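Please examine the structure below with attention to its charged and aromatic side chains. The briefing that follows is arranged by topic.

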Amino acid sequence: MKEEYIKAGKIASKVREKSKKLLKEGASIQAIVKKVESWIHENKGGIAFPVNISLNDYAAHDTASGKDNRKLNRGDVVKVDIGVHVNGFIADTAYTVEIRTKKHKKMLEANKEALQKVLKMVEPGVKLCKIGALVEKEAEKNGFKPIKNLSGHSLEQWNLHAGLTIPNYDNGDKTVIKDDTAVAIEPFFTNGFGEVVNAREKKIFMLEKRLPVRLPKVRDILKYIEENYKTFPFSKAWLEKEFGRGWVNISLPILIKSGCLKSFPALKEKKEGIVSQFEHTIVFFNGKKVITTL
Ligand code: MN
Ligand code: MN
């Protein structure tokens with residue numbers, strides 16, 4: 001199990017570093033997403049979730065849709081979140097850059113520093129609320145807020161959000177990190193309210209339950225999802241490529257309504273504050289600690 005986590009981490013980190021040169025003014029978001037996803041495959045990794053590119057007050061769960069013509073603009077604060085798996089063992093890593101301006105440099109640096117501090121202090125036996133308290137303190141001493149309703153999480157094979165919720169503020173949770181656990185640590189900072197709400201956009205979905213479906217074409221699409229994406233989130237754009245936009249637009253609402261799929265709406269800051277995020281994955285194994293995505 002440990003080797004696969006490490007392999008996934010190496011691929012994720014390589015692809016993440018390579019992705020940085022794509023983040024230029026005028027670059028197409030769809031082209032960036034496609035390229036980063038193709039690099040994961042070229043490096044013999046599986047995609048654990050669609051490459052998330054979330055801009056400015058959007059914190060997470062945004063990606064390119066089929067007819068996306070958005071481009072990066074000067075001043076955009078861009079979060080790139082990448083998930084790689086090897087045989088279901090996941091590496092989850094993210095970073096933020098600001099395109100050609102330095103208006104939010106202080107927030108980005110403080111956010112990155114907060115992640116570094118958590119990576120140092122987190123060990124088996126550490127209480128989850130202590131991690132949250134550290135993130136909160138780092139945000140506040142620099143004049144920012146952590147996003148309270150976004151959090152890190154534990155990882156298990158084929159399960160991106162396994163049991164643990166790793167808070168970005170002191171939520172009083174005295175649960176301790178245990179050995180033989182993989183966790184993704186992801187502080188989010190904002191100059192806004194400190195919470196996210198659902199946005200209108202829904203581009204990421206996940207299998208929830210295998211239930212009988214009547215329409216043959218919809219059944220085919222569900223079967224394809226099960227076989228290809230298994231228990232991992234997938235992008236509407238991937239399905240469109242396979243089945244065409246028409247059938248996908250008919251099928252997704254049916255599959256959601258019937259309880260087969262769940263959707264992950266894009267998440268944006270409640271008061272439209274700018275949001276930053278940095279994330280690494282840590283694996284604790286036989287008393288050792290490995291940051292797999294460094
Ligand atoms: Mn992530
Ligand atoms: Mn994560």
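E17 is partly exposed, with a relative accessible area of 39%, where buried means under 20%, exposed over 50% and partly exposed in between (1.4 Å probe, protein chains only). E17 forms a salt bridge with R16, their closest N and O atoms being 2.9 Å apart; a salt bridge is a side-chain nitrogen of Lys or Arg within 4 Å of a carboxyl oxygen of Asp or Glu. R16 counts as buried, at 7% relative accessibility.

This is a predicted model, in which local features need pLDDT of at least 70 and side-chain atom pairs count only at pLDDT 80 or more, while totals for chains, interfaces and linings use all residues. Residues are numbered from 1 along each chain as its sequence is written, and side-chain values use heavy atoms, with hydrogens and water left out.

**Salt bridges**

- Side chains of opposite charge can pair when their charged atoms come close.
- The structure holds 15 salt bridges.
- One of them joins E138 and K141, with the closest N and O atoms 3.2 Å apart.
- E138 and K141 both belong to helix α4 (residues 128-141), three residues apart, about one turn of the helix; helices (H or I, at least four residues) and strands (E, at least two) are DSSP runs, numbered from the N terminus.
- E138 is buried at 2% relative accessibility, whereas K141 is exposed at 52%.
- K223 and E227 also form a salt bridge, with 3.4 Å between the closest N and O atoms.
- Because K223 and E227 are four residues apart in helix α5 (residues 216-228), about one helical turn separates them.
- K223 is partly exposed at 46% relative accessibility, and E227 is partly exposed at 48%.
- D62, D68, R70 and K203 are joined into one network by salt bridges that share partners.

**Aromatic pairs**

- Rings of Phe, Tyr and Trp (its six-membered ring) pair if their centres lie within 6.5 Å; planes under 30 degrees apart count as stacked, over 60 as edge-to-face and the rest as tilted.
- The count by this rule is seven aromatic pairs.
- The ring centres of Y5 and F89 are 5.1 Å apart and their planes are at 70°, so this pair is edge-to-face.
- Y5 lies in helix α1 (residues 2-19) and F89 in strand β4 (residues 89-98), so the pair ties together parts that are 84 residues apart in sequence.
- Both Y5 and F89 are buried.
- One aromatic cluster is formed by F205, Y224, Y229, F234, W238 and F243.

**Charges over rings**

- The charged end of K18 sits over the ring of W39, 4.3 Å from its centre; the rule requires NZ of Lys or CZ of Arg within 6 Å of the ring centre and within 35 degrees of the ring normal.
- K20 lies over the face of Y95, 5.0 Å from the ring centre.

Methods
Chains are lettered from A and ligands numbered from 1 in the order in which they are written.
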